[in-house]
Amino acid sequence: PLVQSDFVAALFAACRAEGIHTCCESTLCFAWPVVERLLPVTDLWISDLKMMDSARHRHYTGEGNALILRNLQTLAGLGQELILRIPIIPGVNDDRANIEATCGVPFEFIAHDNRGRGDGLCKVYNTCAARARYDMLCFVHEDVEFLTEGWGRIIAAKLAEPDCGVIGFAGSILKLRRLTGWHNGGGDLRAHYVQYMRGRHHTADFNPEGLDFSPVVTLDGLCLFVRRDVWQKTPFDEQTFTGFHGYDIDFTLAVACRRRNYVCNKVLVEHFSTGGYSQQWLDTMKRLHDKWRSRLPIFAETLTQQQIDRYERLSEGYFIRFMWQKGCFYERTFGDGMRYIARYPFSGHAWILLPKYVIYRLRALLNQKNRGK
């Protein structure tokens with residue numbers, strides 16, 4: 001459609017005038033001004049990303065992926081609704097070579113053809129897990145690369161411990177009643193992975209205790225390991241979570257009620273995409289908290305009341321700032337920020353909200369102006 005962007009813009013504008021939802025499905029391999037032309041009249045973007053390695057992308061498609069990635073990151077930064085699909089092509093982008101070179105234990109790939117079905121991630125994961133031949137499962141995003149040789153043996157040894165629940169690479173030592181994502185922004189983060197973002201490789205290494213495996217409550221879903229028997233007792237909740245958000249927090253919370261979850265600090269992976277934060281994500285987080293309200297808070301370690309109060313205070317300020325950063329000023333207003341400062345007038349974390357609000361508001365206004373051109 002971007003080859004005829006002027007026509008599509010006019011068509012979408014006419015659809016919008018009649019109250020018809022608009023969606024643009026494209027590779028996004030175009031200069032940004034071409035994509036930008038459709039911003040004011042497009043409700044949803046759908047794009048396929050064949051692979052992260054630009055050289056391999058050029059080999060198989062005739063073009064590198066640098067332009068595609070820049071456009072995807074820009075759309076995500078503008079808060080556009082975006083569905084990113086990675087078609088699995090056996091022998092091309094299923095990362096079998098990476099797994100074979102680094103895993104160190106027998107493995108299998110299980111693919112799920114979701115074309116024309118639109119199954120949520122919980123249903124996909126449950127379906128694939130039921131087909132698995134081995135006793136240990138790995139639910140991993142397509143854009144993750146394993147950097148440590150022999151990682152399969154390391155993970156398998158830990159999973160074999162009777163009280164082991166889920167193992168991942170980024171998580172939090174607690175989950176509060178207060179609305180947040182999988183971590184709370186107050187020193188609760190435990191992580192060991194590389195995040196590729198804006199053309200650079202950023203190492204996230206938060207392991208203050210210096211442990212091989214850090215106990216946590218929640219885990220990010222970029223990669224989750226679990227024994228089959230643990231999954232069978234606590235499958236993914238495909239009734240409550242029908243999309244692509246919240247599945248990881250809900251699953252790891254459920255397992256944490258019976259066993260211990262961990263962030264692995266002995267194996268390094270690289271993640272090649274950032275999370276998508278939209279109204280759908282926010283609605284899912286609210287649904288998650290409604291489900292777990294009577295069980296929260298949950299902690300991975302014993303905390304004093306003073307520590308809990310600190311986490312509550314920091315998480316509230318973090319979520320206000322996070323919502324502003326994502327342009328959700330209706331969800332956490334300027335008044336919410338001022339009331340937070342009034343309650344904690346001697347906290348630097350509170351006063352930082354003022355300049356952050358100005359920065360994020362100006363950014364939102366600038367983005368709005370650019371979309372209206």
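A: Happy to. One term to begin with: a residue counts as buried when its relative accessible area is under 20%. This is a predicted model, and buried residues make up 47% of the 373 residues in the chain.

Q: Thanks. How many helices and strands are there in the chain?
A: The chain has 14 helices and 16 strands.

Q: What about contacts between residues at least 6 apart in sequence: what share joins residues at least 24 apart?
A: That share is 74% of those contacts in the chain.

Q: Let's switch to strands. In what order do β1, β2 and β3 sit in their sheet?
A: The order is β1-β2-β3, in an open sheet of 3 strands with parallel pairing. The edge strands are β1 and β3, each of which pairs on one side only. On average, neighbouring strands of this sheet are turned by 10 degrees against each other, ignoring direction.

Q: How many bridges join β2 to β3, and how many join β1 to β2?
A: Strand β2 is joined to β3 (residues 82–85) by 4 bridges, while 3 bridges join β1 (residues 23–25) to β2.

Q: Which residue in β2 is the bridge partner of Cys 24?
A: The partner of Cys 24 is Trp 45. Trp 45 also stands opposite Leu 82 in β3.

Q: Is β2 mostly covered or mostly uncovered?
A: Mostly covered: 4 of the 5 residues of β2 (residues 44–48) are buried.

Q: New topic, cysteines. How many disulfides does a search of the whole structure find?
A: The search finds 0 disulfides. Take Cys 15, which is in no disulfide: the nearest cysteine sulfur belongs to Cys 23 and is 12 Å away.

Q: Is Cys 15 buried or exposed?
A: Cys 15 has a relative accessible area of 18%, which is under 20%, so Cys 15 counts as buried. Cys 328 is buried as well, with a relative accessible area of 9%.

Q: One more residue, Asp 237. Where is its place?
A: Asp 237 is in the loop between α8 (228–233) and α9 (247–256). Asp 237 is buried, with a relative accessible area of 15%.

Q: What does the side chain of Asp 237 make a polar contact with?
A: With the side chain of Thr 240, at 2.6 Å. Leaving out residues up to four places away in sequence, Asp 237 touches Cys 122, Asp 250 and Lys 291.

Q: Back to Cys 122 then. Which residues of helix α6 are buried?
A: In α6 (residues 121–131), Cys 122 is buried, along with Leu 121, Val 124, Tyr 125, Asn 126, Cys 128 and Ala 129. The buried residues of α6 pack against β4 (136–140), α8 and α9.

How values were computed. Residues numbered from 1 in each chain as written. Predicted model: local features only at pLDDT ≥ 70, side-chain atom pairs only at ≥ 80, totals over all residues. Heavy atoms only, no water. Buried < 20%, exposed > 50% of the residue type's maximum accessible area, 1.4 Å probe, protein only. Helix = DSSP H or I, 4+ residues; strand = E, 2+ residues; numbered from the N terminus. Pairing = 2+ DSSP bridges. Axes fitted to C-alpha atoms, helices over the stretch in contact; angles between N-to-C directions. Polar contact = N/O pair within 3.5 Å; in protein donor to acceptor, adjacent residues only side chain to side chain. Contact = heavy atoms within 4.5 Å. Disulfide = S-S within 2.5 Å.
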